[in-house]
Amino acid sequence: MKTVLELKNVSKVIRGKKIIDSLSFSVLEGEVFGFLGPNGAGKTTTIRMIVGLMGITEGDVVVNGVSVKSNYEGAIKDIGAIVENPELYKFLSGYKNLKHFARMHKGITDERIKEVVELVGLSDRIHDKVKTYSLGMRQRLGIAQCLLHNPKLLILDEPTNGLDPAGIREIRDYIRRLARETGMAVIVSSHLLSEMEMMCDRIGIIQKGKLVDVQQVKDFVQGTELVYQLELGEAEKAAAVITDAYPDLQHGLTDGKVQVALAKEQVPELISTLVQHNIDIYSVMAVSKTLEDRFLEITNEKGDTLNV
């Protein structure tokens with residue numbers, strides 16, 4: 001797939017302090033890329049450099065083959081972005097908001113406006129005043145503004161802020177459909193890790209201005225180890241046996257069941273050890289880690305103070 005966005009060793013220094021330190025990653029067409037990190041890690045600063053709202057100290061950002069540093073206008077024409085909340089005129093209708101925004105770009109026709117309105121599912125309410133819209137509808141109208149000029153890259157910073165569960169699901173499903181049907185590359189920054197897990201193809205974690213990891217969501221969550229939950233006849237005795245026989249394995253006792261993190265190849269040996277100690281085994285079940293579990297593991301390993 002074609003690379004739509006590429007960050008090349010991007011750094012930002014403010015008042016002598018390096019806020020962003022040599023970030024390098026790429027986003028492909030048709031991909032939803034999750035950008036995660038604790039508060040203050042540098043997510044919004046990075047997004048502001050991508051869209052040109054903040055200068056780049058070192059490195060470069062390339063959008064659809066065009067450098068933001070050397071050809072800002074050429075690069076920005078392929079970007080649509082909402083940083084935090086979309087700015088809308090609440091006393092105007094959704095349609096008039098889009099018409100006003102369309103005047104800022106050349107070649108946006110009434111047909112294109114109609115096409116985008118249908119794409120975000122606002123056809124029935126587009127002529128109502130924005131002040132009558134729900135938060136989810138305002139977010140969709142904001143996305144419609146971003147899509148008018150048919151960008152190659154869509155950037156959404158906290159797109160589900162303030163939404164109820166139904167609104168969050170609505171935006172999540174829409175973003176997935178948008179990437180799949182239009183081939184647009186999408187970057188989403190959010191603290192709702194459960195939603196990011198369902199929404200994104202890949203995720204990148206930034207911490208203290210540095211990129212910690214970039215992986216497919218499935219690979220990142222699973223890793224090389226799984227957590228196995230064992231239902232046993234004597235759970236406390238089993239926990240003691242595991243502690244003695246495998247001191248390096250992480251395990252715990254919850255609701256009378258033992259949970260232990262280990263590789264698939266280690267499972268038969270563990271079961272054999274428990275049987276040798278006359279412990280009855282009723283079930284062994286793999287319990288997948290969530291994105292939140294892995295995120296907390298990695299950021300805690302790096303010694304950061306979390307606020308997510």
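Q: Which orientation do helices H9 and H10 have to each other?
A: Helix H9 (residues 235–245) and helix H10 (residues 267–276) have axes that come within 10 Å and cross at roughly 120 degrees. Axes are lines fitted to C-alpha atoms, for helices over the stretch in contact, and angles run from 0 to 180 degrees between N-to-C directions. Angles under 35 degrees count as roughly parallel, over 145 as roughly antiparallel, 65 to 115 as roughly perpendicular and the rest as oblique. The two helices, H9 and H10, are therefore oblique.

Q: What average pLDDT does the chain have?
A: This is a predicted model, in which local features need pLDDT of at least 70, side-chain atom pairs count only at pLDDT 80 or more, and totals for chains, interfaces and linings use all residues. Residues are numbered from 1 along each chain as its sequence is written, and side-chain values use heavy atoms, with hydrogens and water left out. The predictor's confidence in each residue, from 0 to 100, is called pLDDT. In this chain 91% of the residues score at least 70, and the average pLDDT is 85.

Q: How many nonpolar residues are in the contact of H9 with H10?
A: The crossing of H9 and H10 is right-handed; a crossing is right-handed if the near helix is turned clockwise from the far one by less than a right angle, and left-handed if anticlockwise. H9 contributes Ala 238, Val 241, Ile 242 and Ala 245 to the contact, while H10 contributes Leu 270, Thr 273 and Leu 274. Ala, Val, Leu, Ile, Met, Phe, Trp, Tyr, Cys and Pro count as nonpolar, Asp, Glu, Lys and Arg as charged, and the others, Gly among them, as polar. By this division the contact has no charged residues, one polar and, as the number of nonpolar residues, six.

Q: Which orientation does H3 have to H4?
A: Helices (H or I, at least four residues) and strands (E, at least two) are DSSP runs, numbered from the N terminus. The axes of helix H3 (residues 94–102) and helix H4 (residues 110–119) come within 11 Å and cross at roughly 130 degrees. This angle therefore makes H3, relative to H4, oblique.

Q: How many charged residues are in the contact of H3 with H4?
A: Tyr 95, Leu 98, Lys 99 and Ala 102 of H3 meet Asp 110, Ile 113 and Val 117 of H4. In this contact there are five nonpolar residues, no polar ones and, as charged residues, two.

Q: Which orientation do H3 and H5 have to each other?
A: H3 packs with helix H5 (residues 135–147) at an angle of about 25 degrees, and their axes are 10 Å apart. H3 and H5 are therefore roughly parallel.

Q: How many polar residues are in the contact of H3 with H5?
A: Gly 94, Asn 97, Leu 98 and Phe 101 of H3 make the contact with Leu 141, Ala 144 and Gln 145 of H5. The contact has four nonpolar residues, no charged ones and, as polar residues, three.

Q: Which strands are at the edges of the sheet of six strands?
A: The sheet is open and has mixed pairing, in the order S6-S7-S8-S3-S9-S10. Two strands pair if DSSP finds at least two bridges between them. The strands that pair on one side only are strand S6 (79–83) and strand S10 (210–216).

Q: Which residue in S7 is the bridge partner of Gly 80?
A: S6 and strand S7 (residues 153–157) pair in the parallel sense over five bridges. In S7, the partner of Gly 80 is Leu 154.

Q: Which strands stand at the edges of the sheet of four strands?
A: Four strands form this open, antiparallel sheet in the order S2-S1-S4-S5. Each edge strand has a single partner strand, so one side of each lacks a neighbour in the sheet; these are strand S2 (17–28) and strand S5 (66–67).

Q: Which residue in S2 is the bridge partner of Ile 14?
A: Strand S1 (residues 3–14) and S2 pair in the antiparallel sense over eight bridges. In S2, the partner of Ile 14 is Lys 17.

Q: Which residue in the turn between S12 and S13 has a positive phi?
A: Strand S12 (residues 251–254) runs antiparallel to S13, and four bridges join them. S12 and S13 form a hairpin with two residues between them. The residue in the turn with a positive phi, of about 50 degrees, is Asp 255.

Methods
Contact means heavy atoms within 4.5 Å.
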